Protein chains: 4
Amino acid sequence: MDGCPAGLALAESDLQPDLDRRRPGQSHIVTQRKESDTVRIVSGVFEGVTLGTPIGMTIANEDQKSGDYREVMEKYRPSHADYTYDAKFGVRDWRGGGRTSARETAGRVAAGAIARKLLAVGHGVEIVAWVSKIGALVASCDVETVSAADVEQTAVRCPDLAIAAKMIEAIEAARKDGNSLGGVVTCAVRGAPPGWGEPVFDRLEADLAKAMLSVPATKGFEIGSGFAGTDLTGADHNDPFYMAGDRVRTRTNHSGGVQGGITNGETIYFRVAFKPTATIMREQQTVTRDHHDTTLHGRGRHDPCVVPRAVVIVEAMAALVLADHALRHRAARL
Amino acid sequence: MDGCPAGLALAESDLQPDLDRRRPGQSHIVTQRKESDTVRIVSGVFEGVTLGTPIGMTIANEDQKSGDYREVMEKYRPSHADYTYDAKFGVRDWRGGGRTSARETAGRVAAGAIARKLLAVGHGVEIVAWVSKIGALVASCDVETVSAADVEQTAVRCPDLAIAAKMIEAIEAARKDGNSLGGVVTCAVRGAPPGWGEPVFDRLEADLAKAMLSVPATKGFEIGSGFAGTDLTGADHNDPFYMAGDRVRTRTNHSGGVQGGITNGETIYFRVAFKPTATIMREQQTVTRDHHDTTLHGRGRHDPCVVPRAVVIVEAMAALVLADHALRHRAARL
Amino acid sequence: MDGCPAGLALAESDLQPDLDRRRPGQSHIVTQRKESDTVRIVSGVFEGVTLGTPIGMTIANEDQKSGDYREVMEKYRPSHADYTYDAKFGVRDWRGGGRTSARETAGRVAAGAIARKLLAVGHGVEIVAWVSKIGALVASCDVETVSAADVEQTAVRCPDLAIAAKMIEAIEAARKDGNSLGGVVTCAVRGAPPGWGEPVFDRLEADLAKAMLSVPATKGFEIGSGFAGTDLTGADHNDPFYMAGDRVRTRTNHSGGVQGGITNGETIYFRVAFKPTATIMREQQTVTRDHHDTTLHGRGRHDPCVVPRAVVIVEAMAALVLADHALRHRAARL
Amino acid sequence: MDGCPAGLALAESDLQPDLDRRRPGQSHIVTQRKESDTVRIVSGVFEGVTLGTPIGMTIANEDQKSGDYREVMEKYRPSHADYTYDAKFGVRDWRGGGRTSARETAGRVAAGAIARKLLAVGHGVEIVAWVSKIGALVASCDVETVSAADVEQTAVRCPDLAIAAKMIEAIEAARKDGNSLGGVVTCAVRGAPPGWGEPVFDRLEADLAKAMLSVPATKGFEIGSGFAGTDLTGADHNDPFYMAGDRVRTRTNHSGGVQGGITNGETIYFRVAFKPTATIMREQQTVTRDHHDTTLHGRGRHDPCVVPRAVVIVEAMAALVLADHALRHRAARL
């Protein structure tokens, strides 16, 4: 991770909790593959403080079973990246350990934990994400008040406990059925000052959108009122300004904390859609690498629903975008 | 515009039609501000062919009325960028002609027209966008077949003619009411070969999401099945592969033409949410630049709904992203 | 020019003096082509202050004579870019007005003038360059004390007046002879604080080297002791530290103000080699575009020596690099 | 290393020879510190072929002696980066293992070896560098003909054997004297086709200059005729074109294979100045971290002259720049 300023107190213990929230095998509703995901800082920190130079980290891979992946050498898994990587590069590491593995998100989480600490220490910014939808089950949560502790109450990471119980049932049913589920993660960023974000191309919401759509299995991003906001008229959608003491605030927050690509000091909130996991324990139609029709039957240990684990990835990516804009903002004025 | 290869036949007449589709005053349902938006190529093209060096273009601004903008010097318009620019930079061009003006999208459209020609000539790629939702009115259109001619049949640029008529009525009603409407633009990219897009951070959908969320007034992006795809199970959502002659294809296209961030040869399609125009002819609560509560009453000529004009901006941004990835792809293999 | 912070007082009158020092026709020893090079700021400045958004500038080209350039359509001028552009792009604007024209440096000078003001106002940094060598004539000047006024005393911009007179004679002799001369520009940057520059790849001297070698006709760059420093031993070359009051200083400055890629607070100084102008009024062997041997005879109005005009380009590029690092440095510490 | 195309045959054995040429302890004239510098490829290569994704490599550090570095915790070593890192970041890893250690060049050499193979396999490009000057001793070598075998004949890597012997004597004398020497590395790139390099800012020589000045201990870069070319007139310096069969060539090569920032098909050659090693076994004046005058006496094992080992670093950086431009060139034409 490059770009972290010097002088931030940092240790592995700042990173490990987020990595533990991402790793497989942490609860009964996710994949039973065991990965300890122990992070080690190998450079960029000296005597407990960042040096201003790149922070190198390693996360050893302890549970490789290359035998699990033999069939995918010959057959393209539907809605995976097997075919497109072959189409692009003409060669592919079919063992599943490469860039198309969701395992690459461990690195994002480690870097995100540093960004998160930078934002907390330097700016008092807090980032909390949670599962707001699994399949047809929709939770109701307040972006202004949901806490990290609220999120961690259940394995499904949904603070709406009544819905959370149903979500867990649905995920377990999907597992038994060899099927999978998708859902939505909502994320709130509280405490960002007005002024972060750059005009035109690097608007804060544009960088958030790119960051979120770079996460595996994502299909959509919306900020503030999002797609639902298109149902409103301007008179209802506009956020009136008012003075709250000496602070400029808005009465509503359809903008999602960003106006003209720049933060206005209100809570930033957005939603990210995750498709149902592509790996299912069903027979599916597909083709072979040498272009014959065939069928593929899923085997092994996989998540029926990645959304609870994706919560921490969304937080990490949000932290990285916000920290980047916090630093860029330092060049805004003479 | 930098990065266009040498050897592309190019003239102003390749750019002007798209600029005419974007400009205000083109039909009765959009703003009556008159801007001819005549583009002139000033560098990068010689004897009708691109030189491989940056293409400089100018679009003169002919309808400035700085008198219209006096009130915004003192009062922050709700859900505009007035306050956030002041918060960021401590100074702001209150005349409205700067980077926060929707007028900056003219440059995007001009550049997009070059990218579009590059894609058409070099790769047979076709890009068509249309209005698929205004307020609560939802159109039904087939991403595989909608043509540019279909889109241009009505001023509202919705190929579903029955819905289009209602959309026009709704926009005219909003105008009379001093109000505004938002909506959704759907875009289809047809004919892109398998292999475009880069692993991990520069996935095609990530770059599309960033490009779209950089357009003024956007609040959301979804590709393929999008947010609605979270209602499906993996068994229903996965796109089975099959051989169509010697071409690998998918039976369904929930992926939206992109898998693992890389095109798979199917039609790329995505949707972009636009909030209702922030400028309304109503009295609104707000604050002054020197931090007093006040009210603001909109005046002048503005769009009750920018979505029909945004169609060409979405096409332009899509073309720029696709052309960039087409060029990047040239470095994929030895 | 992008990246200038908001809040800098700026007007065309800050830019024009440097443009006047660059333009042809300013004295009897340079080309007699007349270009007024009048700069106009078209965006990014409002009520005399920078907005933090890109600063657009135009410099109209008033003295085009496309008739002068007909022969170069067919014949490659030796040591010009005619052949290599054809080799790269397969097409070339033979009228000479494009990116291979030294005229593109006018834009660098305009942007450099902004960077120079930013450095002066924000950091008290002063940048002065001068001609230190023309052909075999070598000047002797003190990098710590040469002033802008010293430089402008003569048309050749060499503060060593005895040598300057000989340089002017040599340039006039070269002109009469249809020949040309090269030389060296030395540049001093005084007042930069310790800490500017980034480790490893973006060392300050690396970015200076790139900036200087991007200027047309340059063949070399050296900082501090440079190539001559290879004659010394470490015991003589090392710069001993000492305390000057509460400031860490060095007794000598072979380092040229940069150690480990980062400024140490001493004067930064470097030298840039310019080859003799490629355009000469002599018959030269060359080849045609369709690959036949031929001869070419130079005609028209050209500089026998660009080095005096290059002084301001070197200053501009130095200012751009320093200002960029001054801004980047803001992200160095928590 | 990111950006290597898919399909290149690659193994550790392609990288180790260059790493062995860089490592300390390889001959009697360099530091006796033992580092085996064994490289291991950990990602990006599968079944012996590059995947088109980043190539991760590790080089374990086997000879750390943190005890050696205790004194530098308190005292700034003259002409090292100790003071400037403190000035920039306010914190510094005084153990010497970080970014200011010449050890970081091992990574450059590993990446450079991949670039070198890419250039050789894909384009028949050959890169050879050698020591052309140590202290006052100047070698005479032909940039068109010096081979890698010629270079490796002596420990000092100077193909002029008579001078090489004197250089070795001089280095041994410097070591006995607790002193150090600098010098010049010359590099030739043969076989690059016409057309590589980008106009204006990313000229090939600009990128080469930046790459070379990013190498520790460098003070200068010159290409083709370089600083000496300023002694010539245009009539002597221009490189006349002629047809050699169907190939456009130049009779002389003062340009150094680059015109207008783009290769012309002739041999690219340039020179890089290295200052005498800053670490010497002498008593030197300096200051402490808490700003008191003091003296420092060098101890331990260090190179009296890094120039022979720098040869492979220059080659590596040249290979990286050329390979980057070879890939960028793919986007030059439709």
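This is a predicted model: local features need pLDDT of at least 70, side-chain atom pairs count only at pLDDT 80 or more; totals for chains, interfaces and linings use all residues.
Residues are numbered from 1 along each chain as its sequence is written, chains are lettered from A and ligands numbered from 1 in the order in which they are written, and side-chain values use heavy atoms, with hydrogens and water left out.

On the side of chain D that touches chain C, helix α3 (residues 82–89) of chain D gives the most, with 7 residues; helices (H or I, at least four residues) and strands (E, at least two) are DSSP runs, numbered from the N terminus. That side of chain D divides into 40 nonpolar, 34 polar and 24 charged residues, where Ala, Val, Leu, Ile, Met, Phe, Trp, Tyr, Cys and Pro count as nonpolar, Asp, Glu, Lys and Arg as charged, and the others, Gly among them, as polar.

Chain D and chain C each bring 98 residues to the contact (heavy atoms within 4.5 Å). About 7600 Å² is buried between them, with carbon and sulfur atoms giving 59%; buried area is the accessible area (1.4 Å probe) that two parts lose on being put together, summed over both. The same interface holds 8 salt bridges (a side-chain nitrogen of Lys or Arg within 4 Å of a carboxyl oxygen of Asp or Glu). One of them joins Asp202(D) and Lys210(C), at 2.7 Å from N to O.

Strand β8 (residues 218–223) of chain C pairs with strand β8 (residues 218–223) of chain D in the antiparallel sense over 3 bridges, pairing being defined by at least two DSSP bridges. Within this pairing, Glu222(C) stands opposite Gly220(D). The open sheet has 10 strands in the order β6(C)-β5(C)-β7(C)-β13(C)-β8(C)-β8(D)-β13(D)-β7(D)-β5(D)-β6(D), with antiparallel pairing. Its edge strands are β6 (137–138) of chain C and β6 (137–138) of chain D.
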